[in-house]
Amino acid sequence: MRDFAYLRPREAGEAVALHARHSPGARYFAGGTTLFDLMKLGVESPATVIDVTRLEGLAGIDASRRGELRIGALAPMSDVAEHATVQREFPALSEALWKAASQQLRNMATVGGNLLQRTRCAYFRGAGEYACNKRVPGSGCAALDGLNRGHAVLGASEACVAVYPGDMAVALAAFDAVVDTLSPRGERAVPVRELHRAPGSTPHLETVLAEDELIVRIRVPRGPIGRASTYHKVRDRESYAFALASAAVAVQLQGNRVADARIALGGVATRPWRADEAERSLVGRPLTRAAARRAAELAFAEARPLAHNGFKVALGIETVTDALMIAKDRS
Ligand SMILES: Cc1cc2nc3c(=O)[nH]c(=O)nc-3n(C[C@H](O)[C@H](O)[C@H](O)COP(=O)(O)OP(=O)(O)OC[C@H]3O[C@@H](n4cnc5c(N)ncnc54)[C@H](O)[C@@H]3O)c2cc1C
């Protein structure tokens, strides 16, 4: 690990001003469970680390507003997973957090940092040993012809096939959540669905955020759609593992017909992936297992498997189908 300067502001405005002053080469640090990992691996080597853990007013969860739930960016993953309103109104969000990482990590890690975690692609993390366009633009992608069992079947490009690894962002994408950010240029709101970029020819650009933009909160719209929801995650072992395929699914029924449906995929795509066409196929019809399976197949219609990850298409279809049936049972 290289030497770096360590700064600890008290207010969000001070943090973004410090970041701007020390950019390029500065990084925010929240729980540190991704950032310090990548610094130890030599993938990231910021000259300045700005510790945001003491910023005032960013760790709370505010369920007092009728229209939306507000989650401070510094709220620990475990606090959000356990929050009574989250469990009651957004079970998929609570489950996505519970099924992520380990209890120790969930206590340490923040939801803001969770959204911005980076891929677990071994070629990306094996700093310097392998070609990786995400780490060194223009160097190539060792995963294309390498071991790509864990990689993306949706949203990949010739430049990058790395999977977005997080669970929570998948649930937030299903619920049309928004992140509020602060930078020296002011505040703005970014829908979670638009936060992460597809790799295209610039896989090193992972989000639409500027380097100095600080996530201050997440807002989740409240409504009937959240309650009958689930996060279904399939992985190599049932605990402490990233998703091979996952689905955040929500349904709202009127009588026995679907009035609204949300399907977001994880573990299979380069970014949190909403399956819009699959959702539309369910609306106005009874939610039978056959209808759920048809929707799941539509969700994977554009899948482009690599040499070792073809199983993710069949696994993903089963995962979405089962998730829809779980959500139906909860409606
Ligand atoms: C062994 C292991 C297993 C894991 N398993 C899973 C899993 O199954 N599912 C899953 O979803 N995750 C998993 N994770 C990832 C873990 O959830 C993330 O490391 C964690 O959520 C990151 O949060 P943090 O607060 O520690 O972020 P940090 O490491 O502090 O920051 C991460 C990134 O976000 C930036 N950042 C942090 N906060 C902000 C902010 N407010 N505004 C702007 N930028 C910010 C930092 O600069 C950095 O680039 C695992 C991690 C480990 C180490």
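Modeller: In this predicted model, a residue is called buried when its relative accessible area is under 20%.

Colleague: Why is Val163 called buried, and where does Val163 lie?

Modeller: The relative accessible area of Val163 is 12%, and because the cut-off is under 20%, Val163 counts as buried. Val163 is found in the loop between helix H8 (122–125) and H9. Leaving out residues up to four places away in sequence, Val163 touches Thr119, Gly150, His151, Ala152, Gly267, Val268, Ala269, Thr270 and Lys312. With Ala152, which is 11 residues apart from Val163 along the chain, the separation of the C-alpha atoms is 5.0 Å.

Colleague: Why does Thr321 count as buried, and which residues is Thr321 in contact with?

Modeller: Thr321 has 1% relative accessibility, which is under 20%, and therefore Thr321 counts as buried. The place of Thr321 is in helix H13 (residues 311–330), and beyond its neighbours within four places in sequence Thr321 is in contact with Arg289, Ala292, Arg293 and Ala296.

Colleague: Are Cys121 and Cys132 buried or exposed?

Modeller: Cys121 has a relative accessible area of 9%, under the 20% cut-off, so Cys121 is buried. At 8% relative accessibility, Cys132 falls under that cut-off as well and therefore counts as buried.

Colleague: What makes a set of residues a nonpolar core, and which residues of the largest one touch the most other members?

Modeller: The set must consist of buried residues of the nonpolar kinds, such as Ala, Val, Leu and Ile, joined through side-chain atoms within 4.5 Å. The largest nonpolar core has 40 residues, of which Ile71, Leu93, Leu115, Leu172, Ile218 and Val220 touch the most other members. Among the elements that give two or more residues to this core are strand S5 (68–72), helix H5 (91–98), helix H9 (168–174) and strand S8 (214–221). H9 gives the most, with seven residues. A second, separate core of 31 residues includes Leu287, Ala295, Val313 and Val320.

Colleague: Which residues does Ile218 touch?

Modeller: When residues up to four places away in sequence are not counted, Ile218 touches Leu69, Arg70, Ile71, Val111, Leu115, Met168, Leu172, Ala177, Val178 and Val179. Ile71 also stands opposite Ile218 in S8.

Colleague: How do you know that S5 and S8 are paired strands, and what is said of S6 and S8?

Modeller: Two strands pair if there are at least two bridges between them, and because five bridges join S5 to S8, they meet this condition, running antiparallel. Five bridges likewise join S6 to S8, and these strands too run antiparallel. In S8, Pro221 has Glu68 opposite, and Arg219 has Val178 opposite. S8 is mostly covered, with six of its eight residues buried.

Colleague: Why are S4 and S7 said to stand at the edges?

Modeller: The open sheet of five strands has the order S4-S5-S8-S6-S7. Strand S4 (61–62) and strand S7 (186–191) each have a single partner strand, so one side of each is left without a neighbour in the sheet.

Colleague: What makes S1 and S3 a pair, and in which sense do they pair?

Modeller: Three bridges connect S1 with strand S3 (residues 48–51), and because at least two are needed, they count as a pair, in the parallel sense. Within this pair, Leu7 stands opposite Ile50 in S3. H1 packs on the sheet, touching S1, S2 and S3, and its direction makes about 155° with that of S2. The sheet is open, with three strands in the order S1-S3-S2 and parallel pairing. Its edge strands are strand S1 (5–7) and strand S2 (26–29), each pairing on one side only.

Colleague: What domains is the protein divided into, and what separates their centres?

Modeller: The division gives domain 1 (5–52) and domain 2 (225–330), and 36 Å separate their centres, taken over C-alpha atoms.

Technical notes:
Residues are numbered from 1 along each chain as its sequence is written. This is a predicted model: local features need pLDDT of at least 70, side-chain atom pairs count only at pLDDT 80 or more; totals for chains, interfaces and linings use all residues. Side-chain values use heavy atoms; hydrogens and water are left out. Domain bounds come from an automatic or database domain assignment. Buried means under 20% relative accessible area, exposed over 50%, partly exposed in between (1.4 Å probe, protein chains only). Helices (H or I, at least four residues) and strands (E, at least two) are DSSP runs, numbered from the N terminus. Contact means heavy atoms within 4.5 Å. Axes are lines fitted to C-alpha atoms, for helices over the stretch in contact, and angles run from 0 to 180 degrees between N-to-C directions.
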